[in-house]
Amino acid sequence: MTFEELTRIKEANKEVVLVRKLVKEKREEMASHTAYRKQVLICGGTGCTSSGSKKVIDALEKSLKENGLDKEILVVRTGCFGLCSLGPIMIVYPEGVFYSQATPEGVERIVKEHLRDGNVVKDLLYKDTVQPDGTIISLSETNFYKKQMRIALRNCGVIDPENIEEYIAVHGYLGLYKALTSMTPDEVIKEVLDSGLRGRGGGGFPTGRKWMFAKATPGDIKYVACNADEGDPGAFMDRSILEGDPQCIIEAMAIAGYAIGAHKGFVYVRAEYPIAVQRLSIAIEQARQYGLLGKNIFGTGFDFDVEIRLGAGAFVCGEETALMTSIEGNRGEPRPRPPFPAVKGLFEKPTVLNNVETYANIPRIIYKGSEWYSSIGTEGSRGTKVFALGGKITNVGLVEIPMGTTLREIIEEIGGGIPNGKKFKAAQTGGPSGGCIPAEHIDTPIDYDSLLAIGSMMGSGGMIILDEDTCMVDIAKFYLEFTVDESCGKCTPCRVGTRKLLQYLDKITKGNGEMEDLERIDELAKHMQKSSLCALGQTAPNPILSTMKFFRDEYIAHIQDKSCPAGVCKSLIRYEIVADKCKGCTLCARNCPAKAITGAVKQPHVIDASKCIKCGVCMNNCKFGAIITK
Amino acid sequence: MAENSLAFKGTPAQEEQLLAVIAKNKELPGALLPVLHEAQEIYGYLPLEVQQMVADGLGISLSEVYGVATFYSRFSLTPKGKHKISVCLGTACYVKGADKILAEVENKLGIKSGECTPDGLFSIDSCRCVGACGLAPVMMIDEEVYGKLTPKEIGAILDKYIAEEGGEQA
C-alpha cells in the first residue's frame with residue numbers, strides 16, 4: 001500500500017460515505033454523484049440484532065429486489081447508532097430520516113411508499129424527529145444527539161464495519177501514514193501526551209505517559225495490547241466500537257506499536273461478544289490484504305500485526321496484569337506491580353495496554369493534532385467520554401459527551417428523563433468498582449477529578465440511572481455479590497473481605513443489622529482499599545461506601561425500623577391485596593406457588609402473610625393493580 | 001449439578017478434531033485458553049477426559065488444565081442442556097427486574113441456575129451482561145435474545161421450545 005493507493009481508495013469511496021455525513025442541504029447534491037439514488041443504513045450491532053434487525057435486513061433486501069430497486073438503493077449494515085432501546089434502527093439518506101423499531105412489515109411500506117414513491121412514512125419515524133407541525137428534523141437535531149460530540153464513536157453507525165474502503169474514505173489510516181512518514185516515535189508520544197488523553201478503561205492514567213515508559217524500557221521485543229474485556233455489567237461502549245469501527249482500533253494499535261517499538265499486538269476480547277469478534281477478525285484480515293498490517297507498512301520498513309485472544313468470562317481479567325496472565329494461557333490472576341507492564345508485561349516483555357475507547361481516540365489525535373483534541377473537555381480531563389446509559393431512563397443507549405457535561409444534561413436532555421413520572425434518585429458509574437452520584441450532585445460536571453471528589457469514579461463508562469423504586473442497600477449488595485463471584489481468590493483482603501462485606505449487607509437487608517455493623521463495614525473497607533493486590537479488591541468496597549455516604553438514612557431504616565423504604569428487600573416487605581381494587585378474579589390465588597391466597601370468586605382476596613414466600617407472582621399476574629408491597 | 005453429569009460419550013471424530021486443534025496451536029504462546037475454547041466447541045463441555053487429552057497434547061499437567069478450566073466461568077465441566085438458557089443479571093437488567101425473570105424460569109422448569117433438566121432439554125445459567133442493555137431485562141436461549149421481558153412471557157417462550165421438541169419426536 002502506498003499513499004497514492006490509499007488516496008485513490010479514499011477518493012473512490014468518499015462520495016458514497018459523504019452522503020451520510022454532510023449537512024442536509026449538501027447531501028442531495030452529493031448523492032447525485034454516486035451510483036445510488038438512496039442509501040439505507042441499518043444497525044447490525046448486538047442491540048439491534050437482538051431486536052430482530054436481521055429479519056428486517058432480509059425483508060428489506062427481498063422487497064428491494066421485488067420492486068426492482070436493488071441496483072439504485074444501497075443497503076449498508078452498520079454498527080451501533082446509540083439508541084439501542086429503539087432498535088432495529090434504520091436511516092435513509094440523503095434525506096437523513098430515522099426509522100425506529102423497524103419491522104419486516106414496516107419495511108415493506110418504507111420500500112414502496114418512501115424508497116419507490118418518495119414519500120417518507122411519517123408514522124414509522126422516531127417520534128422525536130417529527131415536529132408538532134409535521135416537519136421532519138434530522139437525528140443530529142434531536143435532544144438525544146444535540147449535546148453529544150462523537151470522536152470515539154465517530155464512525156459507528158456511519159460506515160460499513162466490514163468494508164475497509166469505507167474506513168479509508170473517512171480519513172482512515174491517514175493517522176498511521178502521518179506517524180510513519182513524518183513523525184519520530186518520540187513525536188508521536190508527545191502528541192498523545194499533549195492531547196491530555198487519559199485511559200478510558202476507568203483508571204484515567206495519562207496514555208502518553210504509559211507509552212513513554214514502554215518506549216524508554218530497552219528490549220528487542222515489545223507488545224501492544226488492547227483491553228476489550230469489557231467486564232462492567234451494564235457497559236457496552238467497547239463492544240459497540242469493535243462492532244461499528246474495528247479498523248480504528250487496528251490503526252491505533254499500529255500507531256502505538258510504532259511509538260514504542262513493538263511489532264505485535266494482541267486484542268483480548270470477551271467471548272461473549274461474538275459479533276464484535278467476527279467483525280474484528282474480518283477487519284484484521286482486510287487490513288492484511290491491503291498491506292496496512294504485515295511487513296513494511298507504507299514502504300517505511302515498519303512491521304506490525306495483530307492477533308485476537310478470547311477471554312473466557314472472568315471480570316478480573318479486565319485488570320491489566322491479570323489480562324496479560326490470561327493471554328499467557330494461565331488462570332487470570334493479577335501480579336503485583338511494580339514491575340509495571342511498561343517494564344515487564346506480556347510474556348515478560350515491555351507492553352503497552354490500553355482500553356478500546358482509548359485507542360479509538362488515537363488515530364484522530366495523530367491526524368488532527370493534539371491541539372484540537374485538548375481544546376475539548378475540562379482542564380484535567382480532555383476530550384470526550386462514551387457512556388452506556390441504562391437503567392431507569394427513557395433513552396437507553398450509547399452517548400458520547402465532551403468531558404465537563406453535567407449529569408443533569410445527560411439525564412434530562414440526552415436521556416429524556418426518568419420514565420413513568422418517577423423521581424431520579426442516583427446515577428451509578430464505574431460499575432462494581434464505582435459509586436453513585438445522588439440527586440443533590442446532579443449538577444456535577446462529569447470528569448475524572450469531579451467524580452473522584454464526590455466518592456465515585458468515571459469507570460469504563462457504565463452509567464445506570466436509578467429511580468425512587470431502587471433500594472440503595474440492595475444495589476450495594478448486588479455489586480458485592482458480583483465481586484464475591486469474581487474475586488480471583490489470590491489475595492486474602494479481597495477474597496475474604498468481599499465475602500465479609502456481603503455478609504453484613506445480607507444481614508442488614510434481612511432486618512438483622514446492628515448500627516455497629518456500619519462502623520465494621522467502614523473499617524473493613526479501609527483495610528481492603530489499602531491491602532488488596534489489585535484494583536478489583538481495592539475498589540470493591542466503593543459501592544457500599546458511596547451508598548452509605550449518600551443514603552445513610554436507608555441503611556438506618558433497614559437496621560432500626562426494619563423497613564425497606566423502596567419496598568425491595570424481601571424480608572422487610574409484605575404483599576397485600578387492596579380490597580377496593582380486587583375484583584375477585586382468582587388469578588392470583590391460582591398462580592400462588594405457596595397457596596397463600598384465599599378468597600371466593602368475585603370477592604376481595606386475602607394473602608396469608610405466614611405462608612407468603614414473597615415471590616411476587618401474584619403481583620405480576622394481577623390485571624387490576626390490586627396487589628401492593630408495604 | 002453433578003447429578004446431571006452423564007458418562008463421557010466422546011466420538012473418534014471429535015477426538016480427531018481435538019487433536020488437530022492441539023497440533024495447530026501447540027507452538028502458540030499461551031495456547032491453553034484458545035485450545036480449551038475450541039475443545040468446548042467440539043464437545044459442548046470440558047469433562048475430565050477432554051482435559052486429560054489437552055494436557056497430554058500440550059505437554060502440561062492435568063492440574064494446570066483443570067485450574068484454568070475451573071477459573072473461567074465460560075468453561076463448563078458439566079454438560080449443558082440442548083437449549084442453553086442464559087438470564088442476564090448485569091446491572092441494567094437487574095434494576096429492571098432480571099431476578100424475577102430468573103426466578104420465573106427456575107420456577108417453570110423446576111431446576112436452579114447452573115442445572116440441567118432431567119430430560120436434557122434445558123439448562124439455566126445466569127450471565128453478566130450480553131451488552132443488550134437497551135433491551136433490559138434480557139434472556140438468551142441459545143443464540144436467540146429475548147428482550148424487554150416480563151415474568152408473564154416466560155411460560156410461552158419456553159413452551160415454544162418444548163413444542164418444537166414434541167414435533168421432532170412425533
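**Contact between the chains**

In this predicted model, 42 residues of chain A and 34 residues of chain B make up the contact. The points below begin with the side contributed by chain A, then turn to a sheet in chain A and to the domains of chain B.

*The side of chain A that touches chain B*

- At least two residues each come from α3 (46-50), α14 (320-327), β10 (384-391) and β14 (462-467) of chain A.
- By residue class, this side of chain A comprises 17 nonpolar, 20 polar and 5 charged residues.

*A sheet in chain A*

- Five strands of chain A form an open sheet in the order β7-β8-β6-β5-β9, and the pairing is mixed.
- The edges are held by β7 (294-297) and β9 (351-355) of chain A; each has a single partner strand, so one side of each lacks a neighbour in the sheet.
- From one strand to the next, the twist averages 25°.
- Strand β5 (residues 223-228) of chain A pairs with β9(A) in the parallel sense over 5 bridges.
- Within β9(A), Leu353(A) is the residue opposite Ala225(A).
- Packed on the sheet is helix α13 (residues 274-289) of chain A, which touches β6 (264-269), β7 and β8 (302-310) of chain A. The direction of helix α13 of chain A makes about 160° with that of β8(A).

*Domains of chain B*

- Chain B is assigned domain 1 (2-71) and domain 2 (83-169).
- A distance of 28 Å separates the C-alpha centres of domain 1 and domain 2 of chain B.

Notes
Residues are numbered from 1 along each chain as its sequence is written. Chains are lettered from A and ligands numbered from 1 in the order in which they are written. This is a predicted model: local features need pLDDT of at least 70, side-chain atom pairs count only at pLDDT 80 or more; totals for chains, interfaces and linings use all residues. Two residues are in contact if their C-beta atoms, placed from the backbone, lie within 7 Å. Helices (H or I, at least four residues) and strands (E, at least two) are DSSP runs, numbered from the N terminus. Ala, Val, Leu, Ile, Met, Phe, Trp, Tyr, Cys and Pro count as nonpolar, Asp, Glu, Lys and Arg as charged, and the others, Gly among them, as polar. Domain bounds come from an automatic or database domain assignment. Two strands pair if DSSP finds at least two bridges between them. Axes are lines fitted to C-alpha atoms, for helices over the stretch in contact, and angles run from 0 to 180 degrees between N-to-C directions.
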